[in-house]
Amino acid sequence: MKISDSILYTGVFDADIDLFEGQYTVPTGVSYNSYVILDEKIALMDSVDSRKTDEWLSNVEKALNGKTPDYLVIAHLEPDHSGSIQAAAKKYPDMKLVLSAKALSMLPQFAPAALSARAIAVKENDTLPLGIHTLHFAMAPMVHWPEVMVSYEDNEKVLFSADAFGTFGNPENDKWLPEARRYYFNIVGKYGSPVQSLLKKAAALDIQTICPLHGPVLKENLSFYLEKYQTWSSYAPEEKGVLVAYGSLHGNTAGAAKYTAELLRAQGVEVFLIDLARDDMALALAEAFKYDKMVLACSTYDGNFFPKMEDFLLHLKAKAFQKRKVALIENGSWAPMAAKGMKAYLEQMKDITVCEGTVTIKSTVSEANKAQMAELVKELLA
């Protein structure tokens with residue numbers, strides 16, 4: 001893949017990985033992106049996961065066409081990007097490593113300590129002249145590790161954005177939004193303020209291409225991607241709508257959730273219904289951030305509440321869920337406790353409004369419960 005005549009794609013696609021970061025399902029795989037800038041001095045932009053070292057080095061060799069790189073620019077040291085640094089350093093013994101000072105201090109955790117002698121530490125606004133291309137460095141701490149930096153090439157106006165603007169899936173994937181949303185909120189979502197700081201730096205640049213470390217290279221309608229990141233990092237709802245998430249032991253709570261979803265749809269509301277015991281937890285989290293409202297329907301379990309619901313709320317809390325309105329439905333045969341448990345988690349989150357009219361079901365949904373759910377929908381939409 002060519003980004004331009006001088007900037008070539010050397011990344012690899014991993015179709016075999018089952019879990020990204022040991023927890024996120026990636027049914028369409030994930031790419032580890034890397035790039036080469038060809039000039040008087042040659043810069044290799046990031047390495048890849050050790051799972052794909054040989055394929056990556058082959059891609060780099062083809063792109064170089066007999067030349068050797070002068071620099072390996074390291075934006076991020078997480079193993080899916082640093083896993084091949086040692087192999088590249090061995091193959092190109094005269095190549096210097098360019099990275100942030102924080103990354104330099106962390107480098108021995110990911111590569112032999114001897115490589116630090118070949119490193120050039122850069123700071124905010126430092127530059128690396130390559131010829132007609134010049135890299136400008138900006139620090140992006142906690143997007144989403146403390147050592148992260150991004151690079152801006154001023155001749156072709158390319159932002160090498162590290163993990164920002166990345167997605168799961170194939171780099172040729174034309175469905176950026178759903179996988180980017182799932183990637184953002186699960187990987188980066190906790191760090192809204194650092195992302196906002198990076199966006200302010202990006203706003204001062206004339207960017208025509210964004211080259212992330214995962215997913216497609218972005219060249220057209222860049223304002224769309226920047227606006228999504230602005231919305232996501234400010235924790236504002238992306239759309240009006242309701243996520244209805246449920247945890248159900250025997251199907252009765254599921255029935256209540258589905259009935260509530262139909263009541264909402266009858267009001268013309270966009271609804272996403274998800275079973276927390278069966279569906280992708282990472283998708284549930286992304287959809288919670290997408291919409292401005294949420295209904296949680298949950299069974300009581302062992303004097304507390306359904307474990308998958310607790311897991312979901314724990315994920316929301318960890319990713320700084322906020323600025324939403326939530327309605328609660330609980331079920332319990334003799335001592336309903338689910339609402340109490342859910343409220344305890346929601347109270348730990350910022351700017352969450354919980355509807356007053358909690359619906360309590362005793363085993364099976366009654367006609368009175370249906371009337372209560374109708375009233376709950378009114379309160380939620382008010």
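**Ground rules**

I worked from a predicted model, in which local features need pLDDT of at least 70 and side-chain atom pairs count only at pLDDT 80 or more, while totals for chains, interfaces and linings use all residues. Residues are numbered from 1 along each chain as its sequence is written, and side-chain values use heavy atoms, with hydrogens and water left out.

**Entry 1: cavities**

Grid points are joined across faces, edges and corners, and a volume is the space filled by probe spheres set on the points. The search of the whole structure gave two cavities of 30 Å³ or more.

I noted a volume of about 60 Å³ for the largest cavity, and its lining (residues with an atom within 4 Å of a point) consists of Y35, M45, D46, V73, A75, S151, F160, S161, A162, C211 and L213. For residue classes I counted Ala, Val, Leu, Ile, Met, Phe, Trp, Tyr, Cys and Pro as nonpolar, Asp, Glu, Lys and Arg as charged, and the others, Gly among them, as polar. On that scheme the lining of the largest cavity has eight nonpolar, two polar and one charged residues.

The second largest cavity holds about 40 Å³ and is lined by V150, L159, S161, A164, F165, L198 and A202. I found six nonpolar residues and one polar residue in this second lining, and no charged ones.

**Entry 2: the largest pocket**

I then turned to open space, a pocket being an open set of grid points with protein on both sides within 12 Å along at least five of seven lines. The largest pocket has a volume of about 350 Å³, and of the 17 residues that line it, L249, T300, N331, G332 and S333 lie nearest its centre. Two or more lining residues come from each of α8 (252–266) and β18 (291–301), and β18 gives the most, with three. For these element names, helices (H or I, at least four residues) and strands (E, at least two) are DSSP runs, numbered from the N terminus. By class, I recorded four nonpolar, 12 polar and one charged residues in the pocket lining.

**Entry 3: helix pairs**

Axes here are lines fitted to C-alpha atoms, for helices over the stretch in contact, and angles run from 0 to 180 degrees between N-to-C directions. Angles under 35 degrees count as roughly parallel, over 145 as roughly antiparallel, 65 to 115 as roughly perpendicular and the rest as oblique. A crossing is left-handed if the near helix is turned anticlockwise from the far one by less than a right angle, and right-handed if clockwise. Contact means heavy atoms within 4.5 Å.

I checked α8 against helix α12 (residues 367–381), whose axes come within 10 Å and cross at roughly 50°, which makes α8 oblique to α12. The crossing of α8 and α12 is right-handed. In this pair, A256, Y259, T260, L263 and L264 of α8 meet K370, M373, A374, V377, L380 and L381 of α12, and the contact comprises nine nonpolar, one polar and one charged residues.

For helix α9 (residues 281–290) and helix α10 (residues 307–318), the axes come within 10 Å and cross at roughly 55°, so α9 and α10 are oblique to each other. Their crossing is right-handed. On the α9 side I listed M281, A284, L285, A288 and F289, and on the α10 side K308, D311, F312, H315 and L316; seven of the contact residues are nonpolar, one is polar and two are charged.

**Entry 4: backbone details**

Which residues does a cis peptide bond join? I found it between V143 and H144, with omega of about 5°, and H144 sits in the loop between β12 (134–139) and β13 (149–153).

I also noted D302, which has a positive phi of about 50° although it is not a glycine; D302 lies in the loop between β18 and β19 (304–305).

Methods:
1 Å grid on protein atoms, 1.4 Å probe; cavity = no way out; pocket = protein on both sides within 12 Å on 5 of 7 lines; lining within 4 Å.
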